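Reader: I have just opened this one and have never looked at it before. Can you walk me through it?

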Amino acid sequence: MSILAHILGYTAVTFFLLAATNGLKRYTKNKVVRAIAKQHKLFGLAATLTAVVHLIVNLINGNTNPLGLIALILLITTGTLGGAFFKTKKKQLYPLHRIAGPLAMVAILIHIIFQLI
């Protein structure tokens, strides 16, 4: 895998983790965590866009991975559900968004582990 692909992949993970701090804000009064959590939507969008560019770079290099595609699909699903909840305020979308996020994280971790093996 190219250096650019590695950088994009780990940047996407970083943005994803920053977006995930939104779930911590109810448990902490830490001003840094709360400030990061306020940018939840921005970080989630950045994670998704960076992951898509990561895919494109890997496609160009002829280096695709089914586990990465699954992780990307779950990441896009998480963002789509979150965005749909924000726009429509349909309460049934929120739990789905909260479930999709951890599933995306597990898929991302599996993708990274199998890339390292």
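Reader: What radius of gyration does the protein have, and what would a compact globule have?
Author: This is a predicted model. The protein has a radius of gyration of 15 Å. A compact globule with 117 residues would have one near 13 Å, so the two values agree.

Reader: What box do the C-alpha atoms fill?
Author: Taken along the principal axes, the box is roughly 40 × 30 × 20 Å.

Reader: How many helices and strands are there?
Author: There are five helices and zero strands. Along the sequence the pattern reads α-α-α-α-α.

Reader: How much of the protein is buried?
Author: Of the 117 residues, 31% count as buried. The accessible surface comes to about 7700 Å², and carbon and sulfur atoms hold 74% of that surface.

Reader: And the contacts, what share joins residues 24 or more positions apart?
Author: Among contacts with a separation of 6 or more, that share is 67%.

Reader: Let's go inside. Which residues touch the most other members of the largest nonpolar core?
Author: F16, A51 and I108 do, in a core of 13 residues. Helices α1 (3-20), α3 (40-60), α4 and α5 (93-116) each supply at least two residues of this core.

Reader: Which helix gives the most to this core?
Author: Helix α5 does, with five residues.

Reader: What does F16 touch?
Author: Not counting residues up to four places away in sequence, F16 touches A47, L75, G101, A104, M105 and I108.

Reader: Is L72 buried or exposed?
Author: L72 is buried, because its relative accessible area is 11% and the cut-off for buried is under 20%.

Reader: And how far is L72 from A37?
Author: Their C-alpha atoms are separated by 22 Å. Along the chain the two residues are 35 residues apart.

Reader: Changing topic: where does H54 sit?
Author: H54 is in helix α3. H54 counts as buried, at 14% relative accessibility.

Reader: Which residues is H54 in contact with?
Author: Leaving aside neighbours within four places in sequence, H54 is in contact with M1, A5, L8, G9 and H111.

Reader: What about T50?
Author: T50 is found in helix α3 as well. T50 is buried, with a relative accessible area of 12%. Away from its neighbours within four places in sequence, T50 is in contact with L8, T11, A12 and F15. L8 is therefore a contact of T50 and also of H54, by the rule of heavy atoms within 4.5 Å.

Reader: Now L4. Where is that?
Author: L4 is in helix α1. At 49% relative accessibility, L4 counts as partly exposed, because exposed would need over 50%.

Reader: How far is L4 from L49?
Author: The C-alpha atoms of L4 and L49 are separated by 15 Å, and the two residues are 45 residues apart along the chain.

Reader: On to the surface. Which residues form a nonpolar patch?
Author: The patch is made of V106, L109, I110, I113, F114 and I117. Together they have about 600 Å² of accessible area.

Reader: Take V106, then. Which helix holds it, and how open is it?
Author: V106 lies in helix α5. V106 is partly exposed, with a relative accessible area of 46%.

Reader: One last stop. Where is K89?
Author: K89 is in the loop between α4 and α5. K89 counts as exposed, at 52% relative accessibility.

Reader: What is the phi of K89?
Author: K89 has a positive phi of about 60°, although K89 is not a glycine.

Reader: Why point that out?
Author: Because most residues other than glycine have a negative phi.

Key
Residues are numbered from 1 along each chain as its sequence is written. This is a predicted model: local features need pLDDT of at least 70, side-chain atom pairs count only at pLDDT 80 or more; totals for chains, interfaces and linings use all residues. Side-chain values use heavy atoms; hydrogens and water are left out. Buried means under 20% relative accessible area, exposed over 50%, partly exposed in between (1.4 Å probe, protein chains only). A nonpolar core is a set of buried Ala, Val, Leu, Ile, Met, Phe, Trp, Tyr and Cys residues joined through side-chain atoms within 4.5 Å. Helices (H or I, at least four residues) and strands (E, at least two) are DSSP runs, numbered from the N terminus. The radius of gyration is taken over C-alpha atoms; the globule rule is 2.2 Å times the number of residues to the power 0.38. Accessible areas come from the Shrake-Rupley method with a 1.4 Å probe; for residues, only the protein chains shown count as cover. Patches are made of residues with over 30% relative accessible area and no salt bridge: like charges are joined within 9 Å, nonpolar side chains (Val, Leu, Ile, Met, Phe, Trp, Tyr) within 5 Å. A salt bridge is a side-chain nitrogen of Lys or Arg within 4 Å of a carboxyl oxygen of Asp or Glu.
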